[in-house]
Amino acid sequence: MLDKKVSELLNNQINKEFYSAYLYLDFSNYYYDQGLDGFGNWFKIQAQEERDHAMLFIQYMQNNGEKIELGAVDKPSVTLSGAKSVLEETLKHEQYVTSLIHTIYDAAYSVKDFRTMQFLDWFVKEQGEEENNADNLIKRFELFGDDPKSLYMLDNELGARVYAAPSLVL
Ligand code: FEO
C-alpha cells in the first residue's frame with residue numbers, strides 16, 4: 001500500500017499524461033493541416049510516448065495494489081497561432097509536467113517512499129530530455145523556419161522519427 005497522498009498524485013498523473021497525449025495529437029493535427037507533415041509525425045510519436053507514460057503510471061499503481069480511478073480527459077485548451085508558437089507551448093507544457101513529477105517526488109520523499117522515488121527517477125530524467133527536445137526545436141525553428149528550403153529539410157528530418165517503446169519496464 002502506498003501513502004494516500006502519493007497514491008492520489010500518481011493516479012492524477014495518469015490523467016495528466018493522457019492529456020499530454022491528447023494535446024500533442026492536437027499539435028500533430030495542426031501541423032498536418034499546415035502541410036508540415038514531418039512536424040505532424042514528430043508530434044504524433046510524442047503523443048504515443050505520452051500514452052506510454054500514462055500506462056507506466058497505471059502499471060506502477062497496479063504493481064503496488066492501488067485502486068485506479070480514471071477521469072475524463074480535457075479538450076486541448078491551447079490556442080495555436082503559428083508553427084513556432086506550437087513549439088513554445090510544448091516547452092511550456094513540459095515544464096509544467098516536470099513540476100507535477102517533482103510534486104509527486106516531494107510527497108514520496110516526505111514519507112520515505114523510496115520505491116516510488118526510484119520509479120519516478122526515470123521520469124525526472126525523461127522530463128529533462130523532453131524539455132531539451134522542445135527547446136532545441138524552438139532554436140532550430142528560429143534558425144531555419146523563415147527559409148522555405150531549410151524548413152523543408154527540417155520537416156523531412158522530423159518526418160523520419162520513429163516510435164520506440166519506453167526504456168522503463170515495470
Ligand atoms: Fe509525459 Fe512529455 O511528459
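Visitor: What volume does the largest pocket have?
Guide: This is a predicted model, where local features need pLDDT of at least 70 and side-chain atom pairs 80 or more, while totals for chains, interfaces and linings use all residues. Residues are numbered from 1 along each chain as its sequence is written, and side-chain values use heavy atoms, leaving out hydrogens and water. A pocket is an open set of points on a 1 Å grid over the protein atoms alone, with protein on both sides within 12 Å along at least five of seven lines, and a volume is the space filled by probe spheres set on the points, joined across faces, edges and corners. On that basis the largest pocket has a volume of about 160 Å³.

Visitor: Which helix gives the largest share of the lining of the largest pocket?
Guide: Lining residues have an atom within 4 Å of a point, and here they include Asn15, Lys16, Tyr19, Ser20, His93 and Tyr96. Helices are DSSP runs (H or I, at least four residues), numbered from the N terminus. Both helix 1 (4–34) and helix 3 supply at least two residues of this lining. The largest share, 4 residues, belongs to helix 1.

Visitor: How do helix 1 and helix 3 run, roughly parallel or roughly antiparallel?
Guide: Their axes, lines fitted to C-alpha atoms over the stretch in contact, come within 10 Å and cross at roughly 170 degrees. Angles run from 0 to 180 degrees between N-to-C directions, and those under 35 count as roughly parallel, over 145 as roughly antiparallel. Helix 1 and helix 3 are therefore roughly antiparallel.

Visitor: How many nonpolar residues does the contact of helix 1 with helix 3 have?
Guide: Ala, Val, Leu, Ile, Met, Phe, Trp, Tyr, Cys and Pro count as nonpolar, Asp, Glu, Lys and Arg as charged, and the others as polar. The contact of helix 1 with helix 3 has 5 charged and 5 polar residues, and its nonpolar residues number 19.

Visitor: Is Tyr30 buried or exposed?
Guide: Tyr30 belongs to helix 1, and its C-alpha atom is separated by 8.1 Å from that of Leu80, 50 residues apart along the chain. Buried means under 20% relative accessible area, exposed over 50%, partly exposed in between (1.4 Å probe, protein chains only). With a relative accessible area of 16%, Tyr30 is buried.

Visitor: Which helix supplies the largest share of the lining of the largest cavity?
Guide: A cavity is a set of points where a 1.4 Å probe fits but cannot get out; the structure holds 1 of 30 Å³ or more, and the largest has a volume of about 50 Å³. Its lining, which includes Tyr24, Trp42, Gln46 and Glu130, divides into 3 nonpolar, 3 polar and 2 charged residues. Helix 2 (37–63), helix 3 (83–110) and helix 4 (114–144) each supply at least two. The largest share, 3 residues, comes from helix 4.

Visitor: How many residues of helix 2 are buried?
Guide: Just after helix 2, Gly65 takes a positive phi of about 70 degrees. Helix 2 itself is largely enclosed by the rest of the structure, because the buried residues, out of 27, number 19.

Visitor: Which residue has a positive phi although it is not a glycine?
Guide: Most residues other than glycine have a negative phi. In the loop between helix 3 and helix 4 lies Lys112, which counts as exposed at 61% relative accessibility. The residue with a positive phi, about 55 degrees, is Lys112.

Terms used: Angles under 35 degrees count as roughly parallel, over 145 as roughly antiparallel, 65 to 115 as roughly perpendicular and the rest as oblique.
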